[in-house]
Amino acid sequence: MEDKIDAYTNILELIGNTPLIKLNRIAENLSGNFYAKVEAFNPGHSSKDRIAAYIIEEAERKGILTEGSTIIETTSGNTGFSIAMVSIIKGYDCILAVSSKSSQDKIDMLRSMGAKVYICPAHVSADDPRSYYQVAKRLHEETKGSIYINQYFNDLNIEAHYKTTGPEIWKQTRGKITHLIACSGTGGTISGTSRYLKEQNPDIQVIGVDAYGSVLKKYHETQELDTNEIYPYRIEGLGKNLIPTATDFNCIDEFIKVTDEESAHTAREIARSEGMFVGYTSGAVMQAVKQLDEEGTFNEDSNVVVIFPDHGSRYMSKVYSDQWMNDQGFFDSKSEEAVQRVEFIK
Ligand code: PMP
């Protein structure tokens, strides 16, 4: 027996190579075979580990970062968490400029991971010096040897998925994938994965999932940013009110929109039917699959891969809270879900 201890060098070695898992009960009445790429298996519990590690390592290769350098980004979401995690291991300072709308939970989580958090007023325009964009830009300019991840406008976001998520799915499906369905936020995941897969087989259909209240679908169809499309919605991480350059619209065949309510119910259904505790946008992508199935997009030979971007634990006070669901009015149309699953023994 070899005497070397079988251990990973550090947590970063576990980024990527996430499992592809067959969807069973939730896909029972759909035509085709459905597989989920479950990104919650990354050590930071989301697909954003991939871009954080890739963008930081590219900057290291280019000699921009040295020990003690600073990494800056504007997000309280998954990307912030992943950057904080990579920064800890590699010995960088992590600064996150976030909106004052961010929940205390999220801010506490980022601070627990060693990040310095700047809380910026939510209701100022993007060019106001107090906005989180401007604060991040200023800190980047003032801090020598720093990098600004800028995930919505960074081509390396696409490249990270082109180099990892795409090849993994191609290999895991043994080239038999026919459809890729993924949420589009920055667009990095869907663009990079699609670019790789379409290079292997241009017939693969790639469908982006967008939110009502976001401009992406209309922009894809008309090449125009229609501000009339913009209104507030609840799903975080999906859709946008601007056009990110990290989205390669040529790699996406079509977009489909989903509602907050149906996506929330579908996320809860994934947990109950597949035992996978995944995030709100995983519900959105599965909701899109149901709608596409109704439109006749798939047939019995289809091998459909969906990307589940993150873990359900980040949504305990949202989709996995009955109180929150009730407050949104989401139990009205599916009242059977409001049935108590807790019994108090007195
Ligand atoms: N789901 C969640 C929960 C996210 O945080 C994001 C990233 N904004 C996405 C989906 C979309 O991924 P991408 O930014 O690569 O389009």
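Q: Which strands does helix α4 lie across?

A: Helices and strands here are DSSP runs numbered from the N terminus, helices being H or I of at least four residues and strands E of at least two. Contact means heavy atoms within 4.5 Å. Here, α4 (residues 132-142) lies across β3 (70-73), β4, β5 and β6. Its direction is at about 155° to β4, where axes are lines fitted to C-alpha atoms (for helices, over the stretch in contact) and angles between N-to-C directions run from 0 to 180 degrees. Keep in mind that this is a predicted model, so local features need pLDDT of at least 70, side-chain atom pairs count only at pLDDT 80 or more, and totals for chains, interfaces and linings use all residues. Residues are numbered from 1 along each chain as its sequence is written, and side-chain values use heavy atoms, with hydrogens and water left out.

Q: What is the strand order in the open sheet of four strands?

A: Two strands pair if DSSP finds at least two bridges between them. The order is β5-β4-β3-β6, with parallel pairing. β5 (116-120) and β6 (147-148) are at the edges with a single partner strand each, so one side of each has no neighbour in the sheet. Between β4 (residues 93-99) and β5 there are five bridges in the parallel sense, and Val98 has Ile119 of β5 as its bridge partner.

Q: And which strands make up the open sheet of six?

A: Go along β1-β2-β10-β7-β8-β9, with mixed pairing. The edges are β1 (20-22) and β9 (254-258); each has a single partner strand, so one side of each is left without a neighbour in the sheet. From one strand to the next, the twist averages 25°. β1 pairs with β2 (residues 33-38) in the antiparallel sense over three bridges, and Lys22 sits opposite Tyr35 of β2. Packed on this sheet is α6, touching β1, β2, β7 (179-183) and β10 (303-308), at about 140° to the direction of β2.

Q: At what angle do α5 and α6 cross?

A: The axes of α5 (residues 155-163) and α6 (residues 165-172) cross at roughly 25° and come within 3 Å. On the α5 side, Ala160, His161, Tyr162 and Lys163 meet Thr165, Gly166 and Pro167 of α6. Those contact residues split into three nonpolar, three polar and one charged.

Q: Which residues come nearest to the ligand?

A: Near means that one of a residue's heavy atoms lies within 4 Å. Of the 14 residues around the ligand, the nearest are Gly185, Thr186, Gly187, Thr189 and Thr281. An oxygen atom of the ligand is 2.8 Å from a side-chain N or O atom of Lys48. For the side chain of Asn78, an N or O atom is 3.2 Å from a ligand oxygen atom.

How values were computed:
Nonpolar A, V, L, I, M, F, W, Y, C, P; charged D, E, K, R; others polar. Polar contact = N/O pair within 3.5 Å; in protein donor to acceptor, adjacent residues only side chain to side chain.
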